[in-house]
Amino acid sequence: MNTTPSAIDIRDLTHRYGLRVALADLTLQIEPGEMFAILGPNGCGKTTLFRLLSTLMRLQSGSVYVLGKQLPQQSDEVRRRIGVVFQSPSLDRKLTVGENLRFQAALYGIRGRALVQRQQELLDHLGLADRIHERTEHLSGGLRRRVELAKGMLHRPSLLLLDEPSTGLDPGARTDLWRYLEWLRDEHQVTVVLTTHLLDEAERADRIAIFSQGRLVALDHPEALKASIGGDSITIRGQDPATLRQAIADRFQVTAKVIDGHVRFEHPDGAQILARVMEAFSDRIQSITLGRPSLEDVFIDKTGHRFWSHGEDDAAT
Amino acid sequence: MMQRPEDTIPDRGESHGWTTACPWRASITLAWREILRFLRQGSRVVGAIGQPVIFWIFFSAGFDRNFRLEAGSEGQGASFAEYYFPGTLVLILLFTAIFSTISLIEDRREGFLQSVLVAPLPRWSMVLGKIAGGAVLAVIQGGLFLLLALTLPVEFTFWKLMQIAALMLLASLGLTSLGFAIAWRMESTQGFHAIMTVFLMPLWLLSGAFFPVPSLSADSTWLQIGLYGIMQVNPLTYTVAGMHQLLYDGPLSSALDLPPMVFCWLVTIVATVLMFSIACWTATGSSRAGP
């Protein structure tokens, strides 16, 4: 019996745009206080999931509970408890930082002393205190994202949903963003759920759900996912990859695949097998790469194609 | 058996200080945002007032010789400038309504309105805020244009000005609601421009704003009969007619054979309430915020 309360509890969720299936039969639980990344290339269904969870779109089938409240029946209860940070800016560029926050506060009924106090806290913590009277159109991308975060956190939600939060940010601003999200999780036990198409970013999360073409293909801690690969990955470029794959598989008893014209397989001792492959097939190999298992390897392993491939891009939402 | 999630999550609303927004207060805030944005974009003032004023000046000068409206027994004719003035006023209201609702198309998908849509507020509160903001702006701009009436033989009294302001506000609310209902369904601003050309401009053109409702006679063509029919059922006809009567309570109004003032108020009020309801229904009933 599962008695752990989930921050998000999704069961049998399917969503379609016309004939195209954006999310297929998704069941997923996200625990309170965890940093959860929804990873996948464009068009994998993660934005659809974000829009459903943030109550922007109606559920078509399946059941979704957010912080114990059911969608769509208890949408208002959900809205009160979640903070949402959109991929495209939701700031009014003609308004100042302070005005943007005050207008956001009005939507949640925060006013008077509570507003002043929360605004001050957030601006101080996000390093925006001296920008309060500046119009957001004059701020850099990184600062604007901080104002977005302040907007999303103004009503002190227990769950923060972010859609591609580091898009358009330079590396410094990205680090700041993650530091802030980690602080929210550690100090305020806020559940942070974010979508991303950046593999290295997802690695910072506590758990990752990998999506491909509307399906959940893997779900675990980043280290566990990488460990599931079964060792180092070896990628070989050579003539006639299909024959080469067969020859390598037969000779070394490994499960090799041809992906995008490259022969690829995993092995617990990459360095040793690399030398043996080179020795055996040096005349047929143009290049050979040894890599520690990465999330991309996990993605390839689960889907049989590379992270950025045609199938996903075509279906971009 | 699996426990239902709602049974296991304690509601920590109190400790988090979750509050409920007053929908009316949120509407006022959203309306204020419209006004603040407008004041910070000077080009919008020019767009909404400039073109109608230029039209009024040019058409008045150009049509002056060809347009004659005999004003009954007193024998005084009305100039086109006088005739066209109320129509221009309504055009300014229409343009302001269009400018303030066209921004919805992008704002809703990738702007400020995204955060309004996920806020715990009834949808009508957002609709009212947006529409009231647009309507107040329209009335202010209409009021500015009204200053030009000082060049015409119009006598203003306080009571008359109040009535004109009320009619402008009602018409603006109705037109902004109409703009809202159209913009909410639109995928692109280009689409809105198309609707503006084939629907909103003819709506204004066939309201008696630019030429009087033709009177029918035995030799009227089918086209004239059709035009007459459309103008009779166009609610904006009654707003323009009301504006004519409020501005010129003398001979010009009687020469135009306008519907009674009470009827003008009634049609404008009903049309506005209807348009606002349609706008609310459009924004509530659809889940088109998705990709």
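1. The side chains of A:Glu137 and A:Lys94 form a salt bridge, with N to O at 3.3 Å; a salt bridge here is a side-chain nitrogen of Lys or Arg within 4 Å of a carboxyl oxygen of Asp or Glu. A:Glu137 sits in the loop between helix 4 (112-125) and helix 5 (141-153) of chain A, and A:Lys94 in the loop between strand 6 (82-85) and helix 3 (97-107) of chain A, so the contact ties together parts 43 residues apart in sequence. Helices (H or I, at least four residues) and strands (E, at least two) are DSSP runs, numbered from the N terminus. A:Glu137 counts as partly exposed because its relative accessibility is 23%; buried means under 20% relative accessible area, exposed over 50%, and partly exposed in between (1.4 Å probe, protein chains only).

2. On provenance: this is a predicted model, in which local features need pLDDT of at least 70 and side-chain atom pairs count only at pLDDT 80 or more, while totals for chains, interfaces and linings use all residues. Residues are numbered from 1 along each chain as its sequence is written, chains are lettered from A and ligands numbered from 1 in the order in which they are written, and side-chain values use heavy atoms, with hydrogens and water left out.

3. Over all chains, the structure holds 24 salt bridges. A:Arg185 takes part in a salt bridge with A:Asp186, where the closest N and O atoms are 2.9 Å apart, and in another with A:Asp206, at 2.8 Å from N to O.

4. Which residues are joined into one network by salt bridges that share partners? They are A:Asp92, B:Arg33, B:Glu34, B:Arg37, B:Asp107 and B:Lys130.

5. How accessible are the residues around A:Arg185? A:Arg185 counts as buried because its relative accessibility is 16%. A:Asp186 is partly exposed at 44%, and A:Asp206 is partly exposed at 26%.

6. Chain A is divided into domain 1 (8-225) and domain 2 (230-292), with bounds that come from an automatic or database domain assignment. Their C-alpha centres lie 41 Å apart. A:Ser228 is in the loop between helix 8 (222-227) and strand 11 (232-238) of chain A, and is partly exposed at 41% relative accessibility. A:Ser228 and A:Val298, 70 residues apart in sequence, are 7.8 Å apart in space, C-alpha to C-alpha.

7. Four strands of chain A make an open sheet in the order 12-13-11-14, with antiparallel pairing; two strands pair if DSSP finds at least two bridges between them. Strand 12 (257-259) and strand 14 (285-291) of chain A are the edge strands, each pairing on one side only. From one strand to the next, the twist averages 30°. Strand 11 and strand 13 (residues 262-267) of chain A pair in the antiparallel sense over five bridges. A:Ser233 stands opposite A:Glu266 in strand 13 of chain A.

8. In chain B, B:Leu147 lies in the loop between helix 8 (123-146) and helix 9 (158-185). B:Leu147 counts as exposed because its relative accessibility is 54%.

Key
Axes are lines fitted to C-alpha atoms, for helices over the stretch in contact, and angles run from 0 to 180 degrees between N-to-C directions.
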